[in-house]
Amino acid sequence: MPLEILLVLVVGGIGGITILLHLTGRSRQFALTPDLARAQWSRHFPDDVIADVTVAHDQRSALIRTTTGSGLLWSFGADTVARHLQDYDWIEHPDGFEVQFHDFGTPSTRIHLDDIERAHWRHLMEPA
């Protein structure tokens with residue numbers, strides 16, 4: 001098969017799959033509620049006992065407090081990412097916080113918070 005035809009088939013196939021996923025709603029960002037945040041955290045860390053869930057107003061991130069410590073859950077496309085808040089730095093950002101994990105697999109994420117949320121989350125994220 002000529003390279004030009006193969007290239008058209010590959011690009012067309014990837015484009016077609018992208019359009020199909022978008023039209024079926026699979027490209028929407030995951031919106032969190034307290035119950036969904038609990039369920040998603042339990043999916044990532046089934047052994048954790050959740051004590052409290054604080055969801056950001058934009059519904060894209062949640063601060064999870066468990067009996068073993070705090071964790072952060074955030075939307076990543078149509079799925080979620082969850083990390084325990086261990087060995088990290090948080091930096092003030094005009095939109096909220098930037099959390100930098102000292103982990104190769106999850107280098108950083110930006111949490112969008114308004115001014116009221118920022119003070120509350122800062123208090124909850126401070127080490128005990």
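Me: Why is arginine 60 counted as partly exposed in this predicted model?
Reply: The relative accessibility of arginine 60 is 30%. Buried means under 20% and exposed means over 50%, so a value of 30% counts as partly exposed. Arginine 60 sits in the loop between strand E1 (50-55) and strand E2 (61-66).

Me: Why is helix H1 said to lie largely in the open?
Reply: Of the 21 residues of H1, the number buried is zero, so the helix lies largely in the open. Buried would need under 20% relative accessible area.

Me: How do you know that the span of H1 (residues 3-23) is close to the expected one?
Reply: H1 reaches 30 Å from its first C-alpha to its last, against 30 Å expected at 1.5 Å a residue. Just after H1, glycine 25 takes a positive phi of about 85°.

Me: What makes E5 and E7 the edges of their sheet?
Reply: The open sheet has three strands in the order E5-E6-E7, with antiparallel pairing. Strand E5 (88-93) and strand E7 (108-112) each have a single partner strand, so one side of each is left without a neighbour in the sheet. From one strand to the next, the twist averages 20°.

Me: How do you know that E6 and E7 pair?
Reply: Pairing needs at least two bridges, and strand E6 (residues 96-101) has five with E7, in the antiparallel sense. Glycine 96 has histidine 112 in E7 as its bridge partner.

Me: Which residues have the most contacts inside the largest nonpolar core?
Reply: They are Leu63, Leu72, Leu85, Val99, Phe101, Trp121 and Met125, in a core of 15 residues. Strand E3 (69-76), E6 and helix H3 (115-125) each supply at least two of the core residues. A second, separate core has ten residues, including Ala62, Ile64, Leu73 and Ala82.

Terms used: Residues are numbered from 1 along each chain as its sequence is written. This is a predicted model: local features need pLDDT of at least 70, side-chain atom pairs count only at pLDDT 80 or more; totals for chains, interfaces and linings use all residues. Side-chain values use heavy atoms; hydrogens and water are left out. Helices (H or I, at least four residues) and strands (E, at least two) are DSSP runs, numbered from the N terminus. The expected span of a helix is 1.5 Å times one less than its number of residues. Buried means under 20% relative accessible area, exposed over 50%, partly exposed in between (1.4 Å probe, protein chains only). Axes are lines fitted to C-alpha atoms, for helices over the stretch in contact, and angles run from 0 to 180 degrees between N-to-C directions. A nonpolar core is a set of buried Ala, Val, Leu, Ile, Met, Phe, Trp, Tyr and Cys residues joined through side-chain atoms within 4.5 Å.
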